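Hi everyone, thanks for coming.

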Amino acid sequence: MRRLVIAAPGSGAGKTTVTLGLMAAMRQQGYTVQGFKCGPDYIDPTYHTAVTGRPARNLDSWMMGSEAVKTVLANGCQGADIAIIEGVMGLFDGKQPLSDEGSTAEIAVLTESPVLLVVDCSGMARSAAAIVHGFQTFRPDVRLAGVFANRVGSEGHFRLVKAAVEQTCGVPVVGFLTQDEALALPERHLGLVPSVERGELDSFFAELGRKVARTIDWETLLSIAEAPALCSPAPLIRPSRPYRVRVAVAKDAAFHFYYPENLEMLSACGAELVYFSPLAGEPLPDGVNGLYIGGGFPEEFAAELARQAAVKQSIRAAIEHGLPTLAECGGFMFLTEQLVATDGAAYEMAGVIPGKVVMKTKLAALGYREVRGRNGNFLLPEGETARGHEFHYSVYEPRGEAPFAYETSGRKGTKPDGYLAHRLVAGYVHFHFASAPAMVERWLAECEKVTING
């Protein structure tokens with residue numbers, strides 16, 4: 001199975017642009033391409049999905065564990081000719097500065113995947129070889145198989161870089177992109193993801209693919225992408241029994257951050273997933289036994305969501321009736337009483353959780369979370385743990401004393417977190433169910449006890 005990890009010395013080198021260009025160029029060449037993203041990020045996989053036409057997947061060694069990473073890779077690659085795995089930050093950047101845990105390098109080693117290093121070559125020639133040599137020798141079991149020269153000034157500049165790197169490091173420089181503002185991804189303001197899903201960037205991706213195709217040494221690229229066979233595809237969960245329940249899943253431009261494996265693990269246990277769009281005014285579907293409201297961008301659609309009175313009433317009534325519900329990040333924000341935008345405008349949300357969320361102009365939280373359950377949490381009982389990730393620009397301001405759902409541990413220590421009431425578990429954490437598969441069966445067992453008929 002051909003596969004390549006697209007890495008870089010650090011963030012900002014252009015690895016996402018090169019990744020998307022390679023994916024688009026390969027699609028244009030007739031290859032079926034499967035996209036993956038190292039780490040927990042939801043945004044880059046949205047781009048991968050748009051370019052390849054196949055659902056992209058995350059490979060996160062800290063959240064999933066090593067065996068699950070291999071299984072997710074094998075499962076995702078079924079029917080594909082080549083896998084393109086976009087790295088995160090710099091090649092060796094991970095959970096902490098003293099190890100490679102959670103890094104792109106760790107994923108490359110775990111999956112025995114060759115690495116294509118994207119180097120920003122603006123303002124250098126022979127120095128590019130020094131950069132490559134350093135990354136090549138830092139950890140010998142990482143197979144640095146090739147280099148892509150990004151942001152060169154001209155084809156002549158590329159040839160200088162190519163000669164220096166290939167002579168010093170013995171690895172091929174397989175292609176290049178010039179410094180060209182037209183090749184830069186549009187700024188990632190929060191409204192961009194819906195535009196990606198609507199296909200508004202298709203012409204940009206197509207042109208990017210054509211530019212990459214003109215400079216790539218295809219024979220060498222495909223040669224360095226050769227890699228050992230993957231493990232056999234396998235389910236991430238083997239349930240103790242089937243659960244004949246229907247779980248409503250909010251999915252639209254406001255709520256669409258779901259790890260595909262989370263949904264697949266629910267389905268593998270027998271759950272029928274029923275999708276609905278709060279943004280489009282669709283109330284909670286009839287005859288459901290559970291509700292999953294994932295993250296997304298409710299702040300970008302706050303005015304529209306505030307107008308959906310019937311949707312909010314249906315969700316509020318069901319949760320108060322005891323519908324087993326998991327709300328993550330954007331879903332948690334939607335269930336509060338009010339969302340306050342950065343301009344001070346306040347929008348009425350579903351009113352399940354007392355208090356409001358207030359948008360900030362700076363990042364409020366970012367990082368991995370070890371989550372430990374508290375008494376009364378049906379998903380994660382006291383003492384049980386799971387892993388997840390936080391990334392948000394808002395803060396929750398409770399009205400009164402909030403009953404916490406769990407404790408979270410991150411770089412800044414441990415604290416009580418989330419919100420627990422009825423059969424609702426809500427908070428900013430995005431869980432990855434592969435870190436605690438028992439969560440799935442606990443949830444569905446609770447779902448069997450409740451049916452909401454609108």
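Let me start with a question: is cysteine 329 buried or exposed? One thing to keep in mind while you look is that this is a predicted model.

Okay, here's how it comes out. Cysteine 329 has a relative accessible area of 6%, and the cut-off for buried is under 20%, so cysteine 329 counts as buried.

Next up, aromatic rings. Searching the whole structure turns up 18 aromatic pairs. Take tyrosine 292 and tryptophan 443: their ring centres are 5.4 Å apart and the planes sit at 80°, so we call that pair edge-to-face. What I like here is that the pair links distant parts of the chain, with tyrosine 292 in strand 11 (residues 290-293) and tryptophan 443 in helix 15 (residues 438-447), 151 residues apart. Both tyrosine 292 and tryptophan 443 are buried, by the way.

There's also a cluster, where ring pairs join up Tyr42, Phe257, Tyr259 and Phe297. And one ring has a charged neighbour: arginine 387 lies over the face of tryptophan 62, 4.1 Å from the ring centre.

Now for some helices. How many of the 10 residues of helix 2 are buried? Eight of them, so helix 2 (residues 43-52) is mostly covered. If you want to find them on the screen, the buried ones are Ile43, Asp44, Pro45, Thr46, Tyr47, His48, Val51 and Thr52. Just after helix 2 comes glycine 53, with a positive phi of about 80°.

Last stop is a helix pair. When two helices pack, we describe them by the angle between their axes and the distance between the axes. For helix 6 (residues 127-138) and helix 7 (residues 155-169), the axes come within 8 Å and cross at roughly 35°. The crossing of helix 6 and helix 7 is right-handed. As for who meets whom, helix 6 brings Ala128, Ala129, Val132, His133 and Gln136, and helix 7 brings Val161, Ala164, Val165, Thr168 and Cys169.

Methods:
Residues numbered from 1 in each chain as written. Predicted model: local features only at pLDDT ≥ 70, side-chain atom pairs only at ≥ 80, totals over all residues. Heavy atoms only, no water. Buried < 20%, exposed > 50% of the residue type's maximum accessible area, 1.4 Å probe, protein only. Phe/Tyr/Trp six-rings, centres within 6.5 Å; stacked < 30°, edge-to-face > 60°. Helix = DSSP H or I, 4+ residues; strand = E, 2+ residues; numbered from the N terminus. Lys NZ or Arg CZ within 6 Å of the ring centre and 35° of its normal. Axes fitted to C-alpha atoms, helices over the stretch in contact; angles between N-to-C directions. Left-handed = near helix turned anticlockwise from the far one by under 90°. Contact = heavy atoms within 4.5 Å.
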